[in-house]
Amino acid sequence: VQLVESGGGLVQPGGSLRLSCAASGGTFNRYVMGWFRQAPGKEREFVAIITLNGGSASYADSVTDRFTIARDNAKNMMYLQMNNLKPEDTAVYYCAAGFTFSRVDRLYKYWGQGTKVTVSS
């Protein structure tokens, strides 16, 4: 499956962005989907994951109550609504597809190329 992220950009602290991940070439509803991010000079970290049918999600503590993950299986799309953004949210955000509902990035088989989010005044 191929994954393409979009929606990144420059936003002021306290602002919002909505990231999208478009999937193609596979059966989208077979995959657990996740968002991960990598800040400059840091390792890639878990952000949020969502189950096959979108009925359950899990978030990193740092984004709980600010970010919302969602998916539309009819459109082969996944989203990450990010509100009240902080400078520490600055990173390249990646979407990933896998078969295990896990926060461990190495368990995800397919990855997008990433979209950059910069939070700065």
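Is Arg 66 buried or exposed? In this predicted model, Arg 66 is buried, with a relative accessible area of 9%.

**View 1. The disulfide between Cys 21 and Cys 95.** The count of disulfides in the model comes to one. The two sulfur atoms of Cys 21 and Cys 95 lie 2.1 Å from each other. The link is right-handed, with 55 degrees about the S-S bond. Cys 21 belongs to strand S3 (residues 17-24) and Cys 95 to strand S9 (residues 91-98), so the pair ties together parts that are 74 residues apart in sequence. A disulfide is a covalent bond between the sulfur atoms of two cysteines.

**View 2. Surroundings of the two cysteines, Cys 21 and Cys 95.** Cys 21 has 0% relative accessibility and counts as buried. Cys 95 is likewise buried, at 0% relative accessibility. Residues are called buried here because their relative accessible area is under 20%.

**View 3. The salt bridge between Glu 45 and Arg 37.** The closest N and O atoms of this pair are 2.6 Å apart. Glu 45 is partly exposed, with a relative accessible area of 34%, whereas Arg 37 is buried, with a relative accessible area of 5%.

**View 4. The salt bridge between Asp 89 and Arg 37.** Here the closest N and O atoms are 2.9 Å apart. Asp 89 lies in the loop between strand S8 (77-82) and S9, and Arg 37 in strand S4 (residues 32-38), so this contact ties together parts that are 52 residues apart in sequence. Both Asp 89 and Arg 37 are buried.

**View 5. The salt bridge between Asp 89 and Arg 66.** The side chains of Asp 89 and Arg 66 meet at 2.7 Å, N to O. The pair links distant parts of the chain, 23 residues apart: Asp 89 is in the loop between S8 and S9, and Arg 66 is in the loop between strand S6 (57-59) and strand S7 (67-72). Asp 89 is buried, with a relative accessible area of 0%, and Arg 66 is buried as well, at 9%.

**View 6. The network of salt bridges.** Arg 37, Glu 45, Arg 66 and Asp 89 are linked in this network.

Key. Residues are numbered from 1 along each chain as its sequence is written. This is a predicted model: local features need pLDDT of at least 70, side-chain atom pairs count only at pLDDT 80 or more; totals for chains, interfaces and linings use all residues. Side-chain values use heavy atoms; hydrogens and water are left out. A disulfide is a pair of cysteine sulfur atoms within 2.5 Å. Helices (H or I, at least four residues) and strands (E, at least two) are DSSP runs, numbered from the N terminus. Buried means under 20% relative accessible area, exposed over 50%, partly exposed in between (1.4 Å probe, protein chains only). A salt bridge is a side-chain nitrogen of Lys or Arg within 4 Å of a carboxyl oxygen of Asp or Glu.
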